[in-house]
Amino acid sequence: MNQLEQLKQYTKVVADTGDFQSIKAYTPRDATTNPSLILKAVQKDEYKPLLEKAVRDNPHASSGEIIDKLLIAFGGEILKIVSGRVSTEIDARLSFDVEANVAKGRELIDLYERAGFDRERVLIKIASTWEGIKAAEILEKEMIHTNLTLLFSLPQAIACAEAGVQLISPFVGRIYDWYKKQTGIDYEGAEDPGVQSVKKIYNYFRKFGYETEVMGASFRNTSQILELAGCDLLTISPDLLQKLADSNEPVARKLTADSGGGLAKISVDEKTFRFMLNEDAMATEKLAEGIRAFCADSGKLKQIISGMR
C-alpha cells in the first residue's frame with residue numbers, strides 16, 4: 001500500500017480544498033473548506049459557473065448572501081463525492097459575536113437542508129475565539145455540529161471540549177511557521193512544535209475522556225502528517241495527498257487512545273481562557289492573523305461578485 005492507503009488504516013483522511021474535482025482522486029471521507037480555498041477555486045474556469053449561477057439566481061441579494069449561497073453550492077457538490085461530512089465556514093468578521101455566529105450557523109444549516117442535505121453531514125466552522133466557542137456550544141445543543149478552526153493552543157482546545165463541540169482543527173503548519181521564523185530552526189518530525197501541539201491536545205482529550213474529535217490541519221509537509229498518524233482525523237491539501245499516494249514508505253501509528261502522558265486537568269472559564277491565550281504569543285498572533293486573512297479573502301470574493309453585477 002502507498003502511504004495514503006496506510007494512513008487511512010489509522011486516521012480518517014479529509015480533503016482540505018474547495019477543488020471538489022481533485023477530491024475524487026483521493027477518496028477522503030470528509031472535506032473542509034474556508035474563504036481562502038473558495039476564493040482560489042472560483043478563479044478556476046471549471047468553478048466559475050457555480051459563482052455565476054449564485055450571482056444570476058440572486059439578483060437582489062447582498063454580496064454576503066451570495067457568498068452563503070456559493071458556500072452551499074460548493075458544499076453540496078462536495079457532499080455528492082464524499083461519504084461523510086463537509087465543513088463550511090462562517091464569515092470571520094463575526095468571530096467576536098456570539099449571537100451573530102449562532103444566527104449564521106442556523107442560516108447555513110437551513111440552506112443545506114433546503115438543498116436536500118442532512119445536517120448530520122455538515123460541520124459549521126467557527127474561529128476558536130471565546131465568543132466562537134460559546135456560539136458553538138449553543139449550536140451543538142440544537143444538533144448543529146461545529147468545527148472550531150484557527151486553533152493554536154491547549155486552552156482553546158479544552159474550552160471547545162468542555163463546550164461539547166463536535167470537532168476541533170488544531171493547526172500544525174502555522175505553528176511551525178511561527179517558531180521557524182522566531183528561531184530559524186527548520187523543525188522536523190517529532191520535534192516540530194505544531195506536531196507537538198496536536199499530540200498534547202489529543203493526549204489530553206484521551207486522558208480525560210472528551211468526545212470532541214481532533215482533526216490536525218494546516219500541514220506544510222508529509223512528515224508532519226505522518227507524525228500524527230492515529231489522530232482522529234487529518235485534513236490534507238491535494239498536493240500533500242498526492243505526495244502520500246506517490247510514496248510506498250511504511251507508515252507507523254504514532255497516536256493511540258492510551259498515549260496520554262502526565263497531563264494535569266485544567267478548568268477553563270472565560271478569565272482563564274483569555275489569560276492563558278494572552279500568555280501564548282504564538283497562539284495570540286496566529287489567531288488574530290488567521291481571522292484577518294479570512295476576512296481579507298472574503299472581501300476579495302465580495303469584490304469579484306460586485307464586479308459581476
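When I call a residue buried today, I mean that its relative accessible area is under 20%. With that in hand, hello everyone, and thanks for coming. The structure above is a predicted model, so please hear everything that follows as a description of that model.

Let's start with a tyrosine. Tyr 176 sits in helix H9, which covers residues 173-183. Is Tyr 176 buried or exposed? Its relative accessibility is 8%, and because that falls under the 20% cut-off, Tyr 176 counts as buried. Who surrounds it? If we skip the neighbours within four places in sequence, Tyr 176 is in contact with Asp 186, Tyr 187, Asp 192, Gly 194, Arg 220 and Gln 224. With Asp 186 there is also a polar contact between the side chains, at 2.4 Å.

Next, a serine in a loop. Ser 153 falls between strand E5, residues 146-151, and helix H8, residues 154-162. Ser 153 is buried, at a relative accessible area of 3%. Its side chain makes a polar contact of 3.0 Å with the side chain of Gln 156. Beyond four places in sequence, Ser 153 touches Ile 201, Leu 277, Asp 280 and Ala 283. Keep Ile 201 and Asp 280 in mind, please; both names come back.

Where do H8 and H10 meet? On the H8 side we have Leu 154, Ala 157, Ile 158 and Ala 161, and facing them in H10 are Lys 200, Ile 201, Tyr 204 and Phe 205. Sorted by class, that contact has 7 nonpolar residues, no polar ones and 1 charged. As for geometry, the axes of H8 and H10, the latter being residues 193-208, come within 10 Å and cross at roughly 35°. The crossing is right-handed.

Now to Asp 280, which caps the N-terminal end of helix H14: one of its side-chain oxygens lies 3.2 Å from the backbone nitrogen of Met 282. H14 itself has 27 residues, and from first C-alpha to last it reaches 39 Å, close to the 39 Å expected at 1.5 Å a residue. Its buried residues include Met 282, Ala 283, Lys 286, Leu 287, Gly 290 and Ile 291. An α-helix has 3.6 residues a turn, so residues three or four places apart point the same way. Glu 289, also in H14, is partly exposed, with a relative accessible area of 36%. Its C-alpha and that of Lys 265, 24 residues away along the chain, are separated by 29 Å.

H14 also turns up as a partner of helix H3, residues 35-42. H3 is mostly covered, with 6 of its 8 residues buried. Those are Pro 35, Leu 37, Ile 38, Leu 39, Ala 41 and Val 42, and they pack against strands E1, E2 and E3 and helices H4, H5 and H14. Here too we find an N-terminal cap: a side-chain oxygen of Asn 34 lies 2.9 Å from the backbone nitrogen of Ser 36.

Helix H6 is next. It runs over residues 98-114, so to speak, with 17 residues and a reach of 25 Å from first to last C-alpha, close to the 24 Å expected. Its buried residues include Val 98, Ala 100, Val 102, Leu 108 and Tyr 112, and among the elements covering the buried ones are H5, E3, E4 and H7. At the start of H6, a side-chain oxygen of Asp 97 comes to within 3.2 Å of the backbone nitrogen of Glu 99. Just after the helix, Gly 116 takes a positive phi of about 95°.

Which residues other than glycine have a positive phi? One of them is Leu 150, near 50°. Leu 150 belongs to strand E5 and is buried, with a relative accessible area of 0%. Another is Ser 218, at about 60°. Ser 218 sits in the loop between strand E7 and helix H11, and at 10% relative accessibility it counts as buried.

That's my tour. Happy to take questions!

Note on methods. Residues are numbered from 1 along each chain as its sequence is written. This is a predicted model: local features need pLDDT of at least 70, side-chain atom pairs count only at pLDDT 80 or more; totals for chains, interfaces and linings use all residues. Side-chain values use heavy atoms; hydrogens and water are left out. Helices (H or I, at least four residues) and strands (E, at least two) are DSSP runs, numbered from the N terminus. The expected span of a helix is 1.5 Å times one less than its number of residues. Buried means under 20% relative accessible area, exposed over 50%, partly exposed in between (1.4 Å probe, protein chains only). Contact means heavy atoms within 4.5 Å. A polar contact is a pair of N or O atoms within 3.5 Å; within protein, one must be able to donate a hydrogen and the other to accept it, and residues adjacent in sequence count only if both atoms are side-chain atoms. Axes are lines fitted to C-alpha atoms, for helices over the stretch in contact, and angles run from 0 to 180 degrees between N-to-C directions. A crossing is left-handed if the near helix is turned anticlockwise from the far one by less than a right angle, and right-handed if clockwise. Ala, Val, Leu, Ile, Met, Phe, Trp, Tyr, Cys and Pro count as nonpolar, Asp, Glu, Lys and Arg as charged, and the others, Gly among them, as polar.
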